Amino acid sequence: MPINVTAKKNGPYIVSGDLSQLALTDPEGNKYDIAGKQAIALCRCGGSVNKPFCDGTHSKLGFQAAEAAVKQQG
Ligand code: FES
């Protein structure tokens with residue numbers, strides 16, 4: 001199963017699929033433990049206190065994202 005990333009409406013990126021093939025690391029290359037997870041939610045509002053994971057703060061902040069895919073012209 002391929003890894004899929006979905007931008008949730010005014011919320012996090014949901015990463016799902018075979019996460020055993022995914023390496024999620026901090027800037028120093030240390031891996032986050034996502035073993036056994038079926039999916040993870042990555043913060044894109046900047047407000048989570050548990051980055052890079054979403055902790056639901058986007059709802060409190062009223063985060064609004066431009067999540068629609070836009071086709072390129074030409
Ligand atoms: S997207 Fe959920 S806390 Fe940032």
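Guide: Let us start with H58, which sits in helix α1, residues 57-61. Helices here are DSSP runs of H or I with at least four residues, strands are runs of E with at least two, and both are numbered from the N terminus. This is a predicted model, where local features need pLDDT of at least 70, side-chain atom pairs count only at pLDDT 80 or more, and totals for chains, interfaces and linings use all residues. Residues are numbered from 1 along each chain as its sequence is written, and side-chain values use heavy atoms, leaving out hydrogens and water.

H58 has a relative accessible area of 15%, so it counts as buried (under 20%, against over 50% for exposed and in between for partly exposed, with a 1.4 Å probe and protein chains only). Beyond its neighbours within four places in sequence, H58 is in contact with N10, G11, P12, C45 and F63; contact means heavy atoms within 4.5 Å. From H58 to N4 the separation is 54 residues in sequence and 21 Å in space, C-alpha to C-alpha.

Now for the sheet. Its three strands form an open sheet in the order β1-β2-β3, with antiparallel pairing. β1 (4-7) and β3 (39-42) are at the edges with a single partner strand each, so one side of each has no neighbour in the sheet. Two strands pair if DSSP finds at least two bridges between them; β2 (residues 13-16) and β3 have four, in the antiparallel sense. Within that pairing, I14 has A41 of β3 as its bridge partner.
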